[in-house]
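The sequence and structure are shown below.

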Amino acid sequence: MGDQSMRNEMKLVVGLGSVEDYPDYVEAGADEVFIGYVPMDYRLRYGKHAPLNRREVLYYNVQIGSFSELLILKDMWQAYGVPVTIALNGLTYSEKTREEIVEMVLRLQEIGYDRFIVAEEALLQRLSQINGITLILSGEYGELNRDVLANLPKFHRVIYPRQTSIEEMASMVRNSKSTGITEHEAFVLNEKCHFTGAYCMSKHCDELCHMCRVPYRMEEERERFAVTEEDSTENFASDDGELLGASGCGLCALYRLRKAGITHLKLVSRGNATEETIRDIREVRKALQILDLAKDEADYRRRMQEMLFPAGCSGNCYYPEIKKEKGTINE
Amino acid sequence: MIPFAILGGSLRINHEQSIEIRILELSSDGFTFRLPLALELSDSHPEVSLWFYDKKSEQYRNWKGRLTECVKMDVNRFWIDYQARIRDTAFAELASSLSREYLCYIDWKQNGADVDYSENFPANRVECFQNWGGRVTIPDDLDRKLQNWYSAKKTTLAYALETPARVKRFLTMEEEDFRRSIWEEYRLTEHPLSKLRPNALFLGNSYCRHLLPTTDAVLDVLRKATTYGMRVYLVLPPASESDLDLMKRYIVNILAQLHTHMQENRINEGGSPLSVDGWMVNDAGILAFLTKDQKLESVQKGPLMCKSYRDSRIQHLVDGNEAEGLMHSSQQIWFPFYQMNTGTFCPLAAKVQTNSRGYGGRVTQCDGICARNAFLYPREVDSIGRFNSLFGWNGRMLEDLPLHENEWVINL
């Protein structure tokens, strides 16, 4: 029963946009949540042009809004036991804002928040000097290879960028043993982007759609391979919340991710509808249960697809090398 | 619940302490808010400061005052909700205005198109370049300013040789013809910048390893650049884990060739040895390899690594000191194109092969798709796909030259 040789349980990390959702996410099966927090005085000084994290929108609930809510959330954390991490994964800060962030981290530490996701090297360096906090390297840093990990200030966990193959992750896990990195996180669901987050300078703001969603044409369209006449439209990362993983899915890859040494799975959900996120959490948990019982990878994928995608999936794979094995993509 | 970013509050809970509060509901005569259990309010008329976001001005409007009434509404395991009443005309106006804006936003999000651009596309890259160049207005005094800048010490005017085609063009044409041919594509042969011979070249590509020059091409460029007295900097993209060893071999190979050339020069007692004047890298792994393993000194961070100067459009929307901080202390600026997005799983290759930008994977072999294909965008966004990336065009940089920077890299 199950592939006993690989039974290390991967934890599910879920984005939380609203404090009220915390109990529901925990009850659905989240092992950890991550949030964003932007103090009002920071907003008053810098507006949205020096974002603290990678959600620059104002008009919907992606950040845990107020300090009083952080206190409420801390009470919930103590009651439910599921830890909360704060994302400070802006790509770049000035010296002035960086020092303000450090002061904010110290204030947050006083009320019990000691886990932070960071993308900027200078901030990582600065925060690594503070005792008692756990640092997680965001995929937005751009840690594409093992030498990058080896030459950064010490941190506890790495979140591999979206466009990292499983084989690459496995190699980086193997080669990171001496760096002190004990946890490895990979994307599993939602919001797969055409571009690499670390190199995305477009704002995810209210006024404009994301640059990756702006319509485009391709010059010299006559050169296309493996495309039928019917395939003439772009398959955008979909807002169709009904299909699990429509905007990005790595569920087929769970077996291999676990084998590669991945310890945490990221479910992107900050700003998503609560009901959808609860559904997503439950489905990923089902996939993990199937994984525990599966004899091997083929068994896992067959059973998972039968249960979670009886009518087919979106095909929007986080790990297209798996899809490639089905013969869909020629590289 | 109203997003804190558009309506935030601060409540005085005692003589010494104020705390940020979340506004749950809003009306013209009050609002509801929430506090943790440990901060139960004793004052029924506390002072409050509210910040209302105004979309048009992108500023916050502040209202301060005492609550007319504050009543506990709901208590649960973790928080207490309060109903606050305010009788104040200014508050009522701000609340109504925000409510209207917020409802419009919700309506737009639910019913409007998230993507609301015309489908007014250029036909091809040529049209893009000519249109953009045609919109550049050259100020009368630009020539003088440019000459002053270029004659100052330690200024670098460089051209980027970012593709094999551009490298080939440099190698097969006289410098002046090469330079003119680039500006001709944009119909900007009269621009004063086009008349200045560069004193440096940036050879390579910050974004895609498939566009790196061969070792032979590197040596050929070095030879030719030497004849013009130009410095040459090698530009390397980030290396994925799969590509890391390959990139290291590439670097070692170039260094070995340069070393061999240097040895040959010593034997022949003549000629200048070929040398790379500097390296520009775009990830910390390659940076460490060059500086620690290869012990090279002239290594600088490239556009993808030195993030703060990538965006040449920073509009200085914060105060002057902060704007300088945002621009960092960089002395180098690449223009008039600026990078906005890069995909290490090349979206162009994915589109060509699968009809979807997002369905691609790591490209192990490439025969120059981006030489033949490019993503074109609606005219009003002034953007174009280049390599595995999306770039914006900032023609203003050709009008208001970045005279405060002393290293320019023209990436036409």
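Across the interface of chain B and chain A of this predicted model, 33 residue pairs are in polar contact, with both residues at pLDDT 80 or more. Helix α10 (residues 347-354) of chain B supplies the largest share of the side of chain B that touches chain A, namely 6 residues. Sorted by class, that side has 44 nonpolar, 24 polar and 24 charged residues.

In terms of extent, 92 residues of chain B are in contact with 94 residues of chain A. The area buried between the two chains is about 8,500 Å², and carbon and sulfur atoms give 56% of that area. The count of salt bridges between chain B and chain A is 7. In one salt bridge, the side chain of D147(A) meets that of K248(B) at 2.7 Å, N to O.

Strand pairing also links the chains, and chain B holds an open sheet of 7 strands with parallel pairing, in the order β12-β11-β10-β9-β8-β18-β13. The edge strands of this sheet, each pairing on one side only, are β12 (299-301) and β13 (332-335) of chain B. On average, neighbouring strands of the sheet are turned by 25 degrees against each other, direction ignored.

| Strand | Partner strand | Sense | Bridges |
|---|---|---|---|
| β8 (residues 217-218) of chain A | β15 (residues 375-376) of chain B | antiparallel | 2 bridges |
| β13(B) | β18 (residues 407-410) of chain B | parallel | 4 bridges |

Between the chains, R217(A) stands opposite L376(B) in β15(B). Within chain B, Q332(B) has E407(B) in β18(B) as its bridge partner.

Conventions: Residues numbered from 1 in each chain as written. Chains lettered and ligands numbered in written order. Predicted model: local features only at pLDDT ≥ 70, side-chain atom pairs only at ≥ 80, totals over all residues. Heavy atoms only, no water. Contact = heavy atoms within 4.5 Å. Buried area = accessible area lost by both parts, 1.4 Å probe. Salt bridge = Lys/Arg side-chain N within 4 Å of Asp/Glu carboxyl O. Polar contact = N/O pair within 3.5 Å; in protein donor to acceptor, adjacent residues only side chain to side chain. Nonpolar A, V, L, I, M, F, W, Y, C, P; charged D, E, K, R; others polar. Pairing = 2+ DSSP bridges. Axes fitted to C-alpha atoms, helices over the stretch in contact; angles between N-to-C directions.
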